[in-house]
Amino acid sequence: MKILLADDHRMFIEGISYMLREAGCEVVGIAQNGTEALAFLQQNDYPDLLMLDIEMPEMDGVEVAEKIKEEYTELKIIVLTMHDEPEFIRQMLKLGVDGYILKDAGKEILVEAVETVKSGKKYFGEKITENVFSGFTQPKSIPTKLTQRELEIIRLIADQKTTGQMARELFLSKHTIETHRKNILLKLGLKNSAGLVKYAMKHGLIE
Amino acid sequence: MDVKPTGLLFFGLVRKINGKAGSMGQASFILFFIAQFILASYMPSPVAPNDSIRIARHIETFQNELYSDTAIAHQSIDSAVLLAIKFNEPRLLLKALNGRSQLYLMRNKQKEAKKDIDRALELQNNRRDWVDFSSTYSNLGLYFFNRAEFESSVEAHISAAKIAEQNDYVLGLARSYNNIGNVYIKLKDYLMAREYYNKAYAIAEEENMKGGMAHVLGNLGIVYTNLGKLDSAIYSIRKSLDIHRAQNNLMQVAYNYSNLGQLFRRLDRTDSARFYYNQYLELSKQQQNDQNVLSAVISLMEIEMQSGNIDRVAQYLSDYDNLFRQNGSMELKSKYYQLKSEVLEHQNDWEMALQARKLHEQWQDSTEGKDLRAEVEALNIRYQTEQKEKELLEQKALLAQRENIIIMISLIAVFALILTALVFMLYRQKRENRYQKESIAAITAAQEKERQRVARDLHDSVGVMLANLKNQLSVHKHLKEEMDVLNSISGEVRQISHDMMPGTLKKFGLEAAIRSELDITSKSTGLQTTFNEIGLNGHLDEEMEVHLYRIVQEAVQNVVKHAGASTLNLSLTRDFDSLNVMIEDDGKGFDTSGMKSQGLGLKNIRTRVALLNGKLSIDSHPSAGTSMIIEIPL
């Protein structure tokens with residue numbers, strides 16, 4: 001298993017290299033940034049796996065992952081990063097990386113990840129899976145694009161209420177009502193209140 | 001100067017024929033009439049003691065002799081004045097002074113007249129002899145009249161008229177009206193003069209004052225002459241003449257003859273003129289009034305000269321030669337030598353003619369030099385005074401105008417100054433505001449940069465070193481506790497780094513960062529969140545993204561801390577020229593009127609919204625949740 005390491009933290013790379021070699025992996029190269037990583041790929045035999053950090057000078061991990069998934073589809077990528085925010089994981093998964101582990105995951109997980117990816121599977125650590133799950137599923141678990149308040153307003157518009165009447169009924173200012181109306185129309189790609197009523201009837205939002 | 005009634009009676013008329021010589025005549029005629037009125041009031045006091053009777057008798061003598069023997073009249077009135085002073089008879093003294101000033105006025109002795117008038121006026125302060133005071137004012141009017149101070153004259157006459165009217169002194173009233181008429185003749189307002197004469201005549205007729213009537217008629221003759229109504233003039237004068245004849249007032253009769261002579265001369269009725277002048281001459285001879293005799297002779301000679309009867313003129317010259325030399329007034333002498341030189345020229349006696357001409361010019365110079373020049377000078381002085389007053393007024397007006405202009409300019413200048421100051425202050429305020437905003441923006445930017453740097457250092461440097469350590473320790477299974485400590489340190493560092501500057505924002509933009517923020521919030525608090533992003537399409541300006549992210553961060557923290565809400569909706573909507581962020585919660589809400597007491601979080605939001613030139617509106621109602629809307633122009 002030929003591994004290319006791309007990270008700008010020398011001390012960290014040394015630690016990782018040591019751990020990987022101990023696990024019987026061959027570290028064929030070390031790149032300090034994205035540009036060096038891509039250059040290495042052009043000059044040498046393909047490594048089997050790229051251990052990629054996200055935060056790097058000159059070219060960051062996101063860009064490198066993009067390029068590699070376009071030009072070197074065979075090359076596996078495990079993101080090795082300090083970022084544990086779900087948005088990072090989501091974005092990197094979108095790019096098609098094969099694994100995502102945190103830098104402080106420890107030797108066991110590191111080896112486990114490399115082995116998993118080597119066998120052709122994807123690897124995400126326990127913590128990552130948790131984050132990704134929440135990041136992916138929670139927004140989707142909200143049933144509709146329209147909020148409760150927006151639905152209320154659509155119904156009141158269908159009832160031919162004026163902005164003032166709506167404002168009084170919902171304890172809101174006219175300005176807020178107008179902003180909602182504007183946002184609803186933009187959200188649903190509609191031009192006016194008549195279109196909104198038609199849409200609402202079609203989708204069963206009003207009776 | 002002596003009175004010369006002959007040929008001088010009609011001012012306008014005489015001037016046309018003889019050139020000069022006129023003004024005195026008219027005044028004289030009028031004066032005689034006035035004198036008549038005044039004397040009519042000099043009645044001796046019925047209960048007077050002996051001394052009073054003596055004084056009264058002197059006044060009576062004066063009255064009788066005034067027109068016939070001026071010398072005796074003068075002597076009598078002087079005695080009356082002296083005795084009145086001696087025996088302390090103020091009432092008689094007043095009468096005597098009035099009489100004497102009257103005489104002086106007649107004889108054109110203005111200074112002396114004024115002295116007596118002033119003394120009479122002084123007496124007025126202590127006594128109330130109204131009839132006599134009316135006469136005093138009348139004399140004062142005559143005095144001003146002679147000095148050609150017509151306004152003062154009319155004033156005095158009006159005072160006299162008022163006193164007369166209040167005391168039923170009809171004679172005095174008629175006299176004042178007559179005198180005012182005289183002033184109007186001088187002012188050449190003949191219509192006004194006629195009005196006053198008519199008033200005077202009406203009173204005189206009602207009171208059957210024959211003398212008065214005759215005088216007014218004479219004066220009316222002057223008015224008619226000047227109005228060109230010569231027939232009316234002749235009628236008036238003849239009527240006056242009849243009355244004077246009936247009253248045997250020979251002096252006045254003589255004057256009327258003279259006046260008629262002048263009038264007929266003007267009408268070129270030489271025979272009639274010659275007739276009346278001869279009547280005038282004969283009557284004056286009877287009265288032994290040399291001045292009048294010579295005046296008549298001059299007029300007759302002028303008529304003969306015009307008719308070409310040089311021999312008759314020569315005859316008059318030789319007949320009256322002595323009288324002219326001895327008693328002729330300057331004016332008469334001047335005329336006498338003028339005629340004489342003309343006659344001698346006709347007789348080709350050039351040497352004598354020249355001599356006569358020189359004498360004529362000499363006398364003429366002296367008359368003119370004495371009186372006319374003084375008059376002209378007086379007139380000139382008055383004119384100059386008027387001019388000076390006028391100039392002074394004009395200067396005053398000019399000064400006032402200049403002052404106004406200066407005030408106006410000053411006002412404009414002050415206004416402009418205030419305006420400039422105002423504009424400057426406004427400009428400075430605006431500049432200060434801009435500067436303040438710029439500096440806040442700069443500080444905020446620097447702060448964000450610093451945060452980013454620290455966050456990255458913590459994340460990439462400290463974080464990675466900790467990770468390294470963790471990795472190395474992970475092989476030693478017995479260090480479980482140390483591992484836990486290390487994990488919590490690592491987590492803390494990550495959290496601090498994230499709070500300072502989330503990596504998501506930098507890496508993946510606002511939408512991802514907000515989504516991440518909401519995910520974390522949901523996970524850590526249980527608050528249900530929704531996020532709707534509409535039309536954002538890619539990244540915004542980096543600085544704006546940071547501001548908006550911080551705003552959202554603050555707003556979400558506010559909801560978490562204060563709202564007690566279960567749901568939070570956040571929408572980020574991009575229109576073609578604006579962007580709005582709407583953060584809604586279903587919490588307890590608050591009364592927006594007490595919003596100023598809101599904490600630092602809201603203040604930070606406001607500052608950032610202002611830096612983005614945006615608008616913040618907060619809509620809340622107790623128990624109806626809160627909606628915060630931020631609109632940013634793009």
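Two residues are in contact here if their C-beta atoms, placed from the backbone, lie within 7 Å. Keep that in mind. This is a predicted model.

Start with B:A96. Leaving out residues up to four places away in sequence, B:A96 touches B:I55, B:I59, B:I77, B:A80, B:V81 and B:A84.

Now the core around it. The largest nonpolar core has 101 residues. B:A96 is among those with the most contacts inside it, along with B:A80, B:A200 and B:V297. Which helix gives the largest share of this core? Helix α5 of chain B, residues 90-106, with nine residues. Where does the core lie? Domain 1 of chain B (1-40 + 170-267) and domain 2 (42-124) both contribute residues, so the core lies between them. There is also a second, separate core, of 45 residues. That one includes A:L4, A:L52, A:I78 and A:I101.

Next, the interface. Chain A puts 37 residues in contact with 42 residues of chain B. On the chain A side, α1, α4, α5, α6 and α9 each give two or more residues. The largest share, six residues, is from α9(A). By class, that side has 12 nonpolar, 14 polar and 11 charged residues.

Last, one helix: α8 of chain B, residues 150-166. Its 17 residues reach 24 Å from first C-alpha to last, close to the 24 Å expected at 1.5 Å a residue. Buried residues in α8(B) include B:S153, B:H157, B:A160 and B:A164. The buried residues of this helix pack against α7 (130-146) and α9 (170-186) of chain B. Just after α8(B), B:D168 takes a positive phi of about 50°.

Conventions: Residues are numbered from 1 along each chain as its sequence is written. Chains are lettered from A and ligands numbered from 1 in the order in which they are written. This is a predicted model: local features need pLDDT of at least 70, side-chain atom pairs count only at pLDDT 80 or more; totals for chains, interfaces and linings use all residues. A nonpolar core is a set of buried Ala, Val, Leu, Ile, Met, Phe, Trp, Tyr and Cys residues joined through C-beta atoms within 7 Å. A residue is buried if 20 or more other C-beta atoms lie within 10 Å of its own, exposed if 12 or fewer, and partly exposed in between; C-beta atoms are placed from the backbone. Helices (H or I, at least four residues) and strands (E, at least two) are DSSP runs, numbered from the N terminus. Domain bounds come from an automatic or database domain assignment. Ala, Val, Leu, Ile, Met, Phe, Trp, Tyr, Cys and Pro count as nonpolar, Asp, Glu, Lys and Arg as charged, and the others, Gly among them, as polar. The expected span of a helix is 1.5 Å times one less than its number of residues.
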